[in-house]
Amino acid sequence: MLQCKRVVNEALSTVDFVAPDDRVVFRTCEREQSRVVFQMGTSDAERALAVARLVENDVAGIDVNMGCPKEYSTKGGMGAALLSDPDKIEKILSTLVKGTQRPVTCKIRILPSLEDTLSLVKRIERTGIAAIAVHGRKREERPQHPVSCEAIKAVAETLSIPVIANGGSHDHIQGYLDIEDFRQATAASSVMVARAAMWNPSIFLKEGPRPLEEVMQKYIRYAVQYDNHYTNTKYCLCQMLREQLESPQGRLLHAAQSSQEICEAFGLGAFYEETTRELDARRAKLLARSPEEVEEPAEDTSGIIKMAVKFDRRAYSPQITPKMCLLEWCRREKLAQPVYETVQRPLDRLFCSVVTVAEQKYQSTLWDKSKKLAEQAAAIVCLRSQGLPEGRLREEGPSLHKRKREAPDQDTGDPRAQEPVMPGELCKKPFLALASGKESPLEGW
């Protein structure tokens, strides 16, 4: 997050925090502003404050995760690793409380002894935080271990600030009424629900949960409308399906490699096409309104061979891509290897690539959502111009020498595309229905 820039995305009506590699690390919108709490993993007070100041005008609160037991968090001194360093905890929270305009909270796990846990939470309370969430398990325990309502209750009875009970999804929370039962069992002010809410977000409806199929379709629609990266969408849907992952629909989801394929697996192919057209039209309108913001390739485009093509990975062999075919051809012809020059438009952050082969430039006129996809499209233009095989399925052509494949030629608008974001990583947002107006977050269920 420290590397991110805050970008207003007019096409989506969102605020994006974008890393230098164009990955959207955090996306929110005006409607969420009074609801969403930004949770960070950190081991350094000043860095934490820098991030808090970056996002504080777009969120309702700042939270520090001091309970995540996963290695990707603890090996950097974050998450549950902080529980063994009370001095660092105090410095981080005190710095945030003094330096940010938003309420500051933290989430912890219980320590091996109740005495140590109570000593820690009293020290945390003195930093001036607004509330504390307590996951009723120890650092080494997992969801299959029973949550300690007694430990959370002891914390709640000791502190004067609100205590948020966490960890009840596996043992206690199956439906809406169970949330209140868990709160009463822990004497907490409120309850934090994570996995149960991910399994079925409609658990927060007083009238009872909605059918999973309805929930999943609604989630997919929001994911497409707000350009959620497909790996994150896929991960959440897999969590919803759970024991149904081996069903025909589950297998289709498992095989999906794009938002379009996810939509097709759930009978939303037409919705995807329509929404994509609307977003493209919106972006085109914005570009037409602000032509000075369009960044075209810097070099003189005269003499560039152009075609309107896109790279659709479903049309190609998994082992062979147009870039690989072009590189192999250049080697056989004893030509210098292809050189790709890629630019990005600031307004919609789409990419266009120009490839140079034997002093001739080739370019697709269609802009794409990732640098790698744009490069593949440029390679296709070159190959088709030369009448060469491009690796399409059932296409006959000279076989390529086996070689280690380059970094997967997938849509990597998010570097974590190869590994879906896991719960507890970097930041968490509750399920919110994103739409116009000021209705309840559950409006429409």
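Predicted model: local features only at pLDDT ≥ 70, side-chain atom pairs only at ≥ 80, totals over all residues.
Residues are numbered from 1 along each chain as its sequence is written, and side-chain values rest on heavy atoms, with hydrogens and water left out.

The secondary structure of the protein comprises 14 helices and 13 strands, where helices (H or I, at least four residues) and strands (E, at least two) are DSSP runs numbered from the N terminus. Of the 445 residues in the protein, 49% are buried; here buried means under 20% relative accessible area, exposed means over 50%, and partly exposed lies in between, as computed with a 1.4 Å probe on protein chains only. Among the contacts in the protein with a separation of 6 or more, 67% are accounted for by residues 24 or more positions apart, a contact being defined by heavy atoms within 4.5 Å.

Two helix pairs illustrate the packing. Helix H3 (residues 86-99) and helix H4 (residues 114-125) pack with their axes 9 Å apart, at an angle of about 25 degrees, where axes are lines fitted to C-alpha atoms, for helices over the stretch in contact, and angles run from 0 to 180 degrees between N-to-C directions. H3 is therefore roughly parallel to H4, given that angles under 35 degrees count as roughly parallel, over 145 as roughly antiparallel, 65 to 115 as roughly perpendicular and the rest as oblique. On the H3 side, Pro-86, Asp-87, Ile-89, Glu-90 and Leu-93 take part, and they meet Leu-120, Arg-123 and Ile-124 in H4.

For helix H8 (residues 212-225) and helix H9 (residues 230-241), the axes come within 11 Å and cross at roughly 170 degrees, so that H8 is roughly antiparallel to H9. This contact involves Leu-212, Val-215, Met-216, Tyr-219, Ile-220 and Ala-223 of H8, together with Asn-232, Thr-233, Cys-236, Leu-237, Met-240 and Leu-241 of H9.

Aromatic pairs were identified among the rings of Phe, Tyr and Trp (its six-membered ring) with centres within 6.5 Å, planes under 30 degrees apart counting as stacked, over 60 as edge-to-face and the rest as tilted. By this rule there are 3 aromatic pairs. Phe-17 and Phe-26 form a stacked pair, at 5.7 Å centre to centre and with 20 degrees between the planes, and both Phe-17 and Phe-26 are buried. Ring pairs also join Phe-17, Phe-26 and Phe-38 into a cluster. A tilted pair is formed by Phe-311 and Tyr-316, with 5.0 Å between the centres and 40 degrees between the planes; Phe-311 counts as buried because its relative accessibility is 9%, and Tyr-316 is likewise buried, with a relative accessible area of 4%.

Several loop residues complete the description. Ser-13, in the loop between strand E1 (5-9) and strand E2 (14-18), has a phi near 60 degrees, a positive value in a residue other than glycine, and is exposed at 56% relative accessibility. Ala-358, found in the loop between strand E12 (351-357) and strand E13 (360-364), has a positive phi near 50 degrees and is exposed, with a relative accessible area of 54%.

Pro-146 lies in the loop between strand E7 (131-135) and helix H5 (149-158) and counts as exposed at 60% relative accessibility. Leaving aside its neighbours within four places in sequence, Pro-146 contacts Gly-136, Arg-137 and Asp-171. Ala-130, in the loop between H4 and E7, is partly exposed at 35% relative accessibility, and its C-alpha atom is separated by 5.7 Å from that of Val-104, 26 residues apart along the chain.
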